[in-house]
Amino acid sequence: MGQKVQGTEDLYGGYMRAWQRMQDTARELFGAYGFDAIETPAIEQVDTFVHGIGESTDVVRKEMFRVVSGALFGDLLEKGTEAGLKPRQRMAMRPEGTAGVVRAAVENNFVPQGAAPAKLWYAEAMFRGERPQKGRLRQFHQVGVEWLGAPDAAADAECIIMLMEYFKRLGFDPSKLRLYINSMGDGACRPAYRDKVKAFILDHKDEMCEDCLERAEINPLRAFDCKNPRCHEVMADAPLVNDHLCGDCAEHYAQVKKYLDEAGIAYTEDPTLVRGLDYYTRTVFEVECEGSGVGAIGGGGRYDGLMELEGGKPTPGIGFAVGFERIALALASQGVDLEGADPSCVYVAGIGAETRGAVFSATLALRGAGVRTEADYQGRSLKAQFKQADKLRATLCVVLGPDEVAAGQATIRDMATHEQVQVPMASLADEVKARLA
Ligand code: HAM
């Protein structure tokens with residue numbers, strides 16, 4: 001028997017309905033904010049992620065699933081190096097959505113000079129080679145947005161407001177949500193801050209883990225996220241980004257907070273929130289759900305340098321993504337049902353083989369009128385058909401006997417009350433719809 005890959009899940013039944021509900025809610029809410037849907041390929045050239053997410057990030061260094069065509073695979077194993085591969089032959093499954101959307105925006109010129117910002121949302125599977133655990137999968141699903149061409153702090157605030165409204169519409173109790181925000185500075189102030197954190201780590205090198213010493217060289221801010229308790233303790237005294245923002249970044253951050261205050265959005269400032277992707281500048285944010293035990297259910301931020309890193313003109317950007325699987329777990333921990341009930345239907349039952357043609361026509365007519373309709377395809381007795389109708393959660397049964405068919409009539413049976421009424425076959429769909437309404 002085949003087995004699914006570790007850290008992947010089959011989406012079906014109620015779980016699939018929950019994922020669809022997240023997409024429907026996103027389409028409705030994000031649509032009101034002017035966002036259009038986009039789908040980019042699940043595989044991109046490795047360089048798209050290296051340029052965007054950053055060569056030194058865990059996502060790029062350790063977690064990307066690399067893809068080579070079958071034809072090249074043997075060759076690669078034999079040579080033991082990918083050095084001979086052309087950039088277009090070096091591919092990876094997307095670990096996140098932002099880099100691909102920005103690549104698409106550059107390639108298709110979504111934000112030409114002087115144009116209005118591009119506002120895009122997506123609902124897609126993402127792939128990260130992480131160690132699977134609760135709320136951490138190798139194939140997971142994100143709903144995300146990317147807003148390209150809007151430098152104003154109001155865009156940051158609107159993104160966050162829309163995200164919190166999204167959680168509310170999915171059924172979260174807002175008092176259980178914790179929104180953390182920070183500003184990471186920009187090209188003007190971050191390099192000097194980075195150097196300060198690096199110097200701090202090196203000053204404490206005897207107290208910190210090997211990973212953090214490596215981080216000091218390639219990505220010192222990641223040391224704030226180290227899981228080692230001792231590193232955590234040491235980093236509590238490290239220089240904080242808030243004290244090192246340049247004037248423009250400090251002003252931008254103050255504006256974002258002012259807009260959030262005006263909108264009545266509660267937040268906690270966390271000067272150690274650095275996020276795991278290198279493209280962020282200025283505002284970053286993450287949301288957790290109290291007591292859910294799954295970590296961040298969503299996160300995002302501003303990435304004003306990313307379009308250039310992907311080969312485009314300087315264009316600011318901001319966005320966020322939320323994780324479906326973590327949201328499902330967090331809502332379940334609050335006793336909220338995202339899945340909804342199994343759908344009900346109308347069941348068309350026939351008495352005797354000679355009514356099969358009439359059952360076939362009635363079934364098609366009801367489906368044509370938009371009614372979810374089921375019938376018997378296994379030659380069952382009437383009693384067995386009623387049983388089957390109950391299993392399929394039929395609210396009504398249409399019963400067709402030989403005499404009724406001859407008279408152009410049909411019986412509608414209410415499955416809850418067992419009340420029956422005869423109606424003309426010609427108006428069956430209208431009669432059924434009236435009763436369902
Ligand atoms: P991220 O924080 O890496 O950001 O992922 C966003 C969300 O995806 C997380 O908060 C979490 O809910 C979910 N997630 C991440 N990794 C996993 C996993 N292995 N298993 C299950 N769920 C996971 C981004 O991906 C950015 N692209 C967000 C963004 C958009 N920033 C700007 N625009």
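Arg275 lies in the loop between β8 (268-269) and β9 (281-289). In this predicted model, the phi angle of Arg275 is near 65°, which is a positive value in a residue other than glycine. Most residues other than glycine have a negative phi. The relative accessible area of Arg275 is 14%, and Arg275 is therefore buried, the limit for that class being under 20%.

A positive phi is also found at Asn109, with a value near 50° in a residue other than glycine. Asn109 is placed in the loop between α5 (98-107) and β5 (118-127). Its relative accessibility is 42%, so Asn109 counts as partly exposed. Phe110 is found in the loop between α5 and β5. With a relative accessible area of 28%, Phe110 is partly exposed. From Phe110 to Met415 the C-alpha to C-alpha distance is 54 Å, and the two residues are 305 residues apart in sequence.

Ala99 has its place in helix α5. The relative accessible area of Ala99 is 0%, and this residue is therefore buried. Ala99 and Thr48 are separated by 51 residues in sequence, while their C-alpha atoms are 6.4 Å apart in space. Another pair, Lys313 and Pro239, is 74 residues apart in sequence and 33 Å apart in space, again from C-alpha to C-alpha. Lys313 belongs to the loop between α11 and β11. Lys313 has a relative accessibility of 40% and so counts as partly exposed.

Helix α4 spans residues 70-79. Of the 10 residues of this helix, the number buried is 1, so α4 lies largely in the open. The helix is followed by Gly80, which has a positive phi near 70°.

For Glu96, the distance from a side-chain N or O atom to a nitrogen atom of the ligand is 2.5 Å. The corresponding distance for the side chain of Glu130 is 2.6 Å, and that for the side chain of Tyr280 is 2.7 Å. Taken alone, the ligand exposes 650 Å², of which the protein buries 96%.

The largest share of the lining comes from α7, which supplies 3 residues. In total, 27 residues line the pocket, and those nearest its centre are Arg190, Arg194, Asp278, Tyr279 and Tyr280. The lining is made up of 11 nonpolar, 8 polar and 8 charged residues.

The side chains of Ser56 and Asp278 make a polar contact of 3.2 Å. A polar contact of 3.2 Å also joins the side chain of Ser56 to that of Asn219. Ser56 lies in the loop between α2 and α3 (58-63). The relative accessible area of Ser56 is 16%, and Ser56 is therefore buried, as this value is under 20%.

Definitions and conventions. Residues are numbered from 1 along each chain as its sequence is written. This is a predicted model: local features need pLDDT of at least 70, side-chain atom pairs count only at pLDDT 80 or more; totals for chains, interfaces and linings use all residues. Side-chain values use heavy atoms; hydrogens and water are left out. On a 1 Å grid over the protein atoms alone, a cavity is a set of points where a 1.4 Å probe fits but cannot get out, and a pocket is an open set with protein on both sides within 12 Å along at least five of seven lines; lining residues have an atom within 4 Å of a point. Helices (H or I, at least four residues) and strands (E, at least two) are DSSP runs, numbered from the N terminus. Ala, Val, Leu, Ile, Met, Phe, Trp, Tyr, Cys and Pro count as nonpolar, Asp, Glu, Lys and Arg as charged, and the others, Gly among them, as polar. A polar contact is a pair of N or O atoms within 3.5 Å; within protein, one must be able to donate a hydrogen and the other to accept it, and residues adjacent in sequence count only if both atoms are side-chain atoms. Accessible areas come from the Shrake-Rupley method with a 1.4 Å probe; for residues, only the protein chains shown count as cover. Buried means under 20% relative accessible area, exposed over 50%, partly exposed in between (1.4 Å probe, protein chains only).
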